[in-house]
Amino acid sequence: MGDDPLLYQIRVCGHLGPTLLMAFPAFAPEQQGTETVLTGVLPDASALYGVLAEVEALGLDLLEVRRVRPPHHLSVRPIVRPDQPPPKGERSVSTEQQDTLDAILRQSALPVGSDVAEQRRLLRELTSGQAPPPDVTMTSTTLGGVPVAAITVDGVEPRHVVLYFHGGVYVLGDAAGAAGLASQVGRRTSAKVYSVDYRLAPEHPYPAAVDDALATYEALLHDGIAASDIVLAGESAGGGLVVATLVNARDRGLPLPAAAYVMSPYADLTLAGASIDTKHEADPLLSRELLEPRVTDYTAGQDPALGLISPVFADLAGLPPLLIQVGSHEVLLDDAVRLAQRAAAADVEVTLEATPRVPHVFQAYQPLLDEAAVALDRAGAFLSARLDLADRATGKPVS
């Protein structure tokens, strides 16, 4: 077949999920019972060996490899950034990526009615084998008595610190599972990242997560790291926890970090945002039915409208510059919009970026979705600019 591009179908034993999604971004996966069929175009036969090596490294059982010459209309196309129009008469690569991601997420979504133990088991299955990039080093340590994962990136000389809070509606997830996305923030801000393993509900309901988050921030300050050298970042529940930590630190008279970055913040546990219903069909992952039981797990009888539980109801005056990113295809869209409105009304410098047709915490799917890399690049520029301003204000050399 010479140097023509080749269309491959690779059958493996296993279910769709983030592991397959992230490991094989050039392939469109389809679930067939207990098997997954990966279909994609490779430039030549030699490129197949790298894919098969990845299959082996993930511990997947290879069942079959089929090769066919692609139809004349099928070609290998370069990645098109979201701000570039597609060739006339073609769907954009971005649209194809969005549709593929949506289909995969719908098949791997947590089932409505499942309890916390089942959701944790399913999440472990979906993320098993999903390691951080090879240039990322992760070390377990503690801050203020709270377990954290210290994350560094090869070739990046850390000049600053990112304190990172993972998502999981306060009952799921851990610091290590968030390391991949957290490291993307660190590499774009020349920073060392501490991903926090805050305590989870229902075993440890509110205020355990809030207390742990503040303890890690206070520990950084106690260790001699200037607040101006720190930024906070987080996704989903971790995004809400970022804002709660800023409010908590301000109320306790602590110096505040240079800036904060939140992705798809879960900021209203009363679930009062209109998008919880209007985006029900568009969101492939979350719904009112999935969130309501987990709200009860976390609040444990406390009022969900408390400012440190739902930061959309908090007094946000005096907080540092804030970047909020959200997708239009998520039920938490209004959480982000109302959080930005509250911040602006309190005279906080706030930037809200809503990306069309992308899901909850879309930045996590960088290998598959062009918008993810673009959003992370913008976040890196935002955080770096605020850190540079803080450096100038304190007389520290600016890179």
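**Figure 1. Val-242, a buried residue of helix α7.** In this predicted model, Val-242 has a relative accessible area of 0% and is therefore buried, the cut-off being under 20%. The residue belongs to helix α7. Leaving aside residues up to four places away in sequence, Val-242 touches Phe-165, Leu-232, Ala-233, Gly-234, Ala-260 and Val-262. One of these contacts, Leu-232, is ten residues from Val-242 in sequence, and the two C-alpha atoms are 6.3 Å apart.

**Figure 2. Helix α7 along its length.** Helix α7 runs over residues 237–251 and has 15 residues. From the first C-alpha to the last, α7 reaches 21 Å, close to the 21 Å expected at 1.5 Å a residue. After α7 comes Gly-253, which has a positive phi, near 75 degrees.

**Figure 3. Packing of helix α6 against helix α7.** Helix α6 (residues 208–222) packs on α7 (residues 237–251) at an angle of about 65 degrees, and the two axes are 9 Å apart. The angle makes α6 roughly perpendicular to α7, because that class covers 65 to 115 degrees. The crossing of these two helices is right-handed. On the α6 side, the contact is made by Ala-209, Val-210, Ala-213, Leu-214 and Tyr-217. On the α7 side, it is made by Leu-241, Thr-245, Asn-248 and Ala-249. By class, the contact of α6 with α7 has seven nonpolar and two polar residues, and no charged ones.

**Figure 4. Packing of helix α5 against helix α11.** Helix α5 (residues 179–188) and helix α11 (residues 370–394) pack at about 50 degrees, with axes 8 Å apart. At this angle α5 is oblique to α11. The crossing of α5 and α11 is right-handed. Leu-181, Gln-184, Val-185 and Arg-188 are the α5 residues in the contact. Facing them in α11 are Ala-373, Leu-376, Asp-377, Gly-380, Leu-383 and Ser-384. The contact of α5 with α11 has five nonpolar, three polar and two charged residues by class.

**Figure 5. Burial of helix α5.** Eight of the ten residues of α5 are buried, so the helix is mostly covered, with under 20% relative accessible area counting as buried. The buried residues are Ala-179, Leu-181, Ala-182, Ser-183, Gln-184, Val-185, Gly-186 and Arg-188. Among them, Leu-181, Gln-184, Val-185 and Arg-188 also meet α11. Ser-190 follows α5 and has a positive phi, near 50 degrees.

**Figure 6. Helix α10 and the elements that cover it.** Helix α10 (residues 333–345) has 13 residues. Its reach from first to last C-alpha is 19 Å, close to the 18 Å expected at 1.5 Å a residue. Buried in α10 are Leu-333, Asp-334, Asp-335, Ala-336, Leu-339, Ala-340 and Ala-343. Asp-347, which follows α10, has a positive phi, near 65 degrees.

Figure 7. Ser-275 lies in helix α8. With a relative accessibility of 1%, Ser-275 counts as buried. Not counting residues up to four places away in sequence, it touches His-280, Glu-330, Val-331, Leu-332, Leu-333 and Asp-334. Of these contacts, Leu-333 and Asp-334 are among the buried residues of α10. Glu-281 lies in the loop between α8 and α9 (288–299). Glu-281 is exposed, with a relative accessible area of 64%. Val-331, touched by Ser-275, is 50 residues from Glu-281 along the chain, and the C-alpha atoms of Glu-281 and Val-331 are separated by 9.0 Å.

**Figure 8. The whole protein, for orientation.** The protein has eleven helices and twelve strands. Of its 399 residues, 50% count as buried. Among contacts between residues at least 6 apart in sequence, 77% join residues at least 24 apart.

How values were computed:
Residues numbered from 1 in each chain as written. Predicted model: local features only at pLDDT ≥ 70, side-chain atom pairs only at ≥ 80, totals over all residues. Heavy atoms only, no water. Axes fitted to C-alpha atoms, helices over the stretch in contact; angles between N-to-C directions. Helix = DSSP H or I, 4+ residues; strand = E, 2+ residues; numbered from the N terminus. Parallel < 35°, antiparallel > 145°, perpendicular 65-115°, else oblique. Left-handed = near helix turned anticlockwise from the far one by under 90°. Contact = heavy atoms within 4.5 Å. Nonpolar A, V, L, I, M, F, W, Y, C, P; charged D, E, K, R; others polar. Expected span 1.5 Å × (residues − 1). Buried < 20%, exposed > 50% of the residue type's maximum accessible area, 1.4 Å probe, protein only.
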